[in-house]
Amino acid sequence: MDDLRIVERSVDTQGFKITARGVQVYYGEKHALKDVDCDILDKTVTAFIGPSGCGKSTFLRCLNRMNDTVSIARVQGEIRLDGEDIYDKRVDPVQLRAKVGMVFQKPNPFPKSIYDNVAYGPKIHGLTRSKSELDGIVEASLKKAALWNEVKDRLGEPGTGLSGGQQQRLCIARAVATHPEVLLMDEPCSALDPIATAQVEELIDELRSNFSVVIVTHSMQQAARVSQKTAFFHLGNLVEYGETGQIFTNPKDPRTESYISGRIG
Amino acid sequence: MSVFLLIVVLLVLGIAGYVLGRGRALSSVGGNPRKLHSLPGYYGWHGAILAILPALVALTMWVIAQPLIIERQLADFFPAEQIENDSQRVLLLTDVRRVAQGLDTAVAAGALTEEQAAMIRTEFGSVRDRLATVGVALGSEVTPQVLQAAQRYRELAATGGLWRMIVTLAIALGGLAWAVRTTNGDLRARNRVEVVILGLLILASTIAILTTIGIVLSMLSETIRFSTMYPFADFLFGLTWQPTFQGNSELGLIPLLWGTLYISLVSMIVAVPIGLFTAIYLAEYATPRVRSIVKPLIEVIAGIPTVVFGLFALVTVGPFLRDWFAAPTGLGTSGSSVMTAGIVIGILNIPFISSLADDIINAVPQSLRDGSYGLGATKSETIRQVVLPAALPGIVGAILLAASRAIGETMIVTMGAGAAAKLDLNPFEAMTTITVKIVSQLTGDTEFNSPETLVAFALGMTLFVITLGLNIFALWVVRKYREQYE
């Protein structure tokens with residue numbers, strides 16, 4: 001837990017990427033997210049922590065409108081990406097999701113070859129004009145996801161044949177290939193062993209140079225290791241949001257302190 | 001004692017075994033069920049099974065074996081030349097049984113006493129007339145040998161019945177006694193009962209397999225008989241189907257096979273797209289409310305008897321196609337055609353494909369769809385590029401199963417496709433299929449010794465091989481690609 005002592009962390013930001021104001025989410029009758037205000041910085045890893053059912057994944061799924069695919073979900077409030085309201089009627093959620101990529105809890109490679117998994121996004125968005133350009137994107141994405149050396153000789157094999165950690169890095173490569181501006185990660189390491197987790201965490205740190213990364217995690221150590229900013233959610237409320245070091249060493253709210261010291265969860 | 005009565009007695013003994021086994025187990029531990037190895041009910045079942053099962057097996061074997069043994073003994077009554085050939089022997093034995101039954105009925109009706117029935121002789125008057133008075137009609141006058149054999153048959157059957165009762169009851173009581181004697185708190189009754197259950201499960205699954213093997217063997221033997229009467233290569237590769245009843249038939253398979261495959265092809269062209277699109281709509285787009293109404297409605301089609309579909313083909317689809325398509329374009333003048341039968345079979349198969357494909361599409365994990373949406377794909381792109389490829393092996397399996405149903409369909413083609421065996425490309429021409437010809441070769445007064453009749457078995461065998469091949473191929477496809485997304 002050495003890293004917890006580093007209170008001051010370098011945050012090289014260029015201002016806010018996403019600003020959320022008064023976000024409310026209802027699943028049918030259930031009020032899942034209550035009046036959340038949150039500013040997410042560019043080129044930063046932001047971690048959402050909190051006990052199960054606290055609304056952290058719900059908030060994450062608001063950021064790329066994945067909640068639209070859940071028929072009973074209702075979202076109110078305002079979320080702006082680079083100053084543009086993403087819940088505006090003129091915004092096509094499909095276009096938005098190309099800009100705000102997502103990596104899921106369980107590795108979910110498509111039942112296609114490794115190459116086609118990564119090329120999927122660029123193909124449907126028409127990002128490339130030629131096969132060689134597509135090859136370039138695939139290679140660059142796999143390299144960014146630190147998977148290239150392991151799979152470069154078997155790009156034609158099914159992505160489902162990889163190990164769990166490799167599959168998750170493949171999913172990251174797949175998300176990176178569409179050149180998103182924000183990358184949302186919903187507990188990306190919860191299905192992985194410690195070695196694969198370490199690889200993915202290292203990767204998240206590298207991705208910070210290009211994207212704004214938002215990660216939901218159950219592991220407080222992981223939040224402390226990879227993030228610069230941390231938000232603590234409890235019972236649908238955003239309780240505290242601040243520098244990671246400050247949240248873990250000097251929380252302002254008693255609920256945050258109880259959670260990180262293991263008294264509520 | 002009749003077999004039915006015996007079984008009732010066995011059941012009573014079984015209940016006794018249950019009560020005794022359970023009671024004895026409990027009393028052996030002083031009424032404290034916690035000291036028993038198994039729950040008290042298992043000791044009861046153990047007793048019941050030991051009382052019933054061995055006796056029931058013995059009874060079954062006895063019932064099968066007794067007639068065989070008696071028939072062998074009866075053979076002594078007849079001169080060797082009368083029972084030389086199989087069919088004669090069977091006829092004589094049928095006569096004997098019939099007379100014996102007649103005597104039984106007569107005794108039961110009081111027309112004869114037991115002694116009279118045993119003593120009655122053809123010399124003292126017509127046995128046929130005596131039996132006719134109690135309502136037993138015999139085809140011809142009873143010969144002395146048959147009458148004697150029948151009387152012997154009755155004696156043997158009576159003795160057999162007596163011993164059958166003694167042996168069965170002895171085994172049942174023995175089993176019961178053994179169960180009671182061995183029952184104590186340490187007996188692993190639960191494990192023993194479960195072995196019996198396992199045996200029951202294996203028996204059930206074996207019956208289905210044995211039936212299939214039996215069907216194949218019976219068809220195979222008739223097919224082999226057919227091949228001794230008609231050159232098999234001519235059957236397989238002959239281009240003409242022209243059975244005549246004076247002999248010199250031409251029994252070529254190819255026209256029938258062509259008709260079968262052509263009609264199946266048309267039906268699949270109808271059923272696959274409609275069924276698949278239905279499944280995609282239901283699985284991906286329909287709201288739960290729409291789905292709960294539409295899905296059962298589509299499945300109603302599957303419940304309609306095929307003969308009703310045949311009527312639909314005969315009176316609606318056939319004339320419609322003839323009057324609006326075939327006649328104006330000059331392609332044909334017949335209401336019965338490949339198109340008629342194919343379209344109606346296709347409609348029949350729509351719910352089959354849509355229902356199976358719907359289940360398969362629903363089985364594709366939601367995480368794959370989320371992954372695709374998360375990359376900014378639309379619903380349609382997700383379905384085309386992620387969901388359908390993931391579901392493809394299952395869908396191919398469903399299509400192949402539907403194809404083998406189309407190939408084996410009989411009623412609709414009988415009523416909608418016509419009866420003319422033809423090799424033609426025109427889909428508005430009447431053609432016929434293997435199934436139709438099997439039916440027509442076997443209906444009416446037929447003897448099972450001419451190639452014209454036996455060809456039905458060879459046709460059946462061909463059909464069996466084709467559908468079996470398709471089913472195996474379907475299973476292979478499903479198995480090879482099944483776990484791709486897991």
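This is a predicted model: local features need pLDDT of at least 70, side-chain atom pairs count only at pLDDT 80 or more; totals for chains, interfaces and linings use all residues.
The size of an interface is often given as the accessible area lost when the parts come together. Here chain A and chain B bury about 1,700 Å² between them. Carbon and sulfur atoms account for 62% of that area. Three residues stand out on the chain A side: A:P111, A:Y120 and A:I124. They supply 32% of the area that chain A buries against chain B, more than any other three residues.

The contact draws 22 residues from chain A and 19 residues from chain B. How many salt bridges are there between chain A and chain B? The count is zero. Polar contacts do occur across the interface: five residue pairs are found, with both residues at pLDDT 80 or more.

## Aromatic pairs

A pair of aromatic rings is described by the distance of the centres and the angle of the planes. Over all chains, the count is 14 aromatic pairs. One of them joins A:F48 and A:F59. A:F48 sits in strand β3 (residues 45-49) of chain A, and A:F59 in helix α1 (residues 56-63) of chain A, so the pair ties together parts that are eleven residues apart in sequence. Both A:F48 and A:F59 are buried.

Chain B has an edge-to-face pair, B:Y18 with B:W45. Here the ring centres are 5.5 Å apart and the planes stand at 80°. B:Y18 belongs to helix α1 (residues 3-28) of chain B and B:W45 to helix α2 (residues 40-74) of chain B, so this pair links parts that are 27 residues apart in sequence. B:Y18 is partly exposed at 28% relative accessible area. B:W45 is also partly exposed, at 49%. Elsewhere in chain B, ring pairs link B:F226, B:Y230, B:F232 and B:F235 into a cluster.

## Helix α6 of chain B

Is B:Q151 buried or exposed? B:Q151 has 7% relative accessibility, so it counts as buried. This residue lies in helix α6 (residues 144-182) of chain B. Leaving aside residues up to four places away in sequence, B:Q151 touches B:L103, B:A117, B:A118, B:M119, B:I120 and B:R121.

The helix also holds a salt bridge. B:E155 and B:R152 meet at 3.2 Å, N to O. They are three residues apart in helix α6 of chain B, so about one helical turn separates them. B:E155 is partly exposed at 46%, and B:R152 is partly exposed at 30%.

## More salt bridges

Side chains of opposite charge can pair when their charged atoms come close. Over all chains, the count is 24 salt bridges. In one of them, the closest N and O atoms of B:D359 and B:K295 are 3.6 Å apart. B:D359 lies in helix α12 (residues 338-363) of chain B and B:K295 in helix α10 (residues 288-303) of chain B, so the pair ties together parts that are 64 residues apart in sequence. B:D359 is partly exposed at 44%, whereas B:K295 is buried at 15%.

B:D323 and B:R322 form another salt bridge, at 3.1 Å, N to O. B:D323 is partly exposed at 45%, and B:R322 is partly exposed at 28%. Shared partners also join B:R291, B:K295, B:D358 and B:D359 into one salt-bridge network.

Key: Residues are numbered from 1 along each chain as its sequence is written. Chains are lettered from A and ligands numbered from 1 in the order in which they are written. Side-chain values use heavy atoms; hydrogens and water are left out. Contact means heavy atoms within 4.5 Å. Buried area is the accessible area (1.4 Å probe) that two parts lose on being put together, summed over both. A salt bridge is a side-chain nitrogen of Lys or Arg within 4 Å of a carboxyl oxygen of Asp or Glu. A polar contact is a pair of N or O atoms within 3.5 Å; within protein, one must be able to donate a hydrogen and the other to accept it, and residues adjacent in sequence count only if both atoms are side-chain atoms. Rings of Phe, Tyr and Trp (its six-membered ring) pair if their centres lie within 6.5 Å; planes under 30 degrees apart count as stacked, over 60 as edge-to-face and the rest as tilted. Helices (H or I, at least four residues) and strands (E, at least two) are DSSP runs, numbered from the N terminus. Buried means under 20% relative accessible area, exposed over 50%, partly exposed in between (1.4 Å probe, protein chains only).
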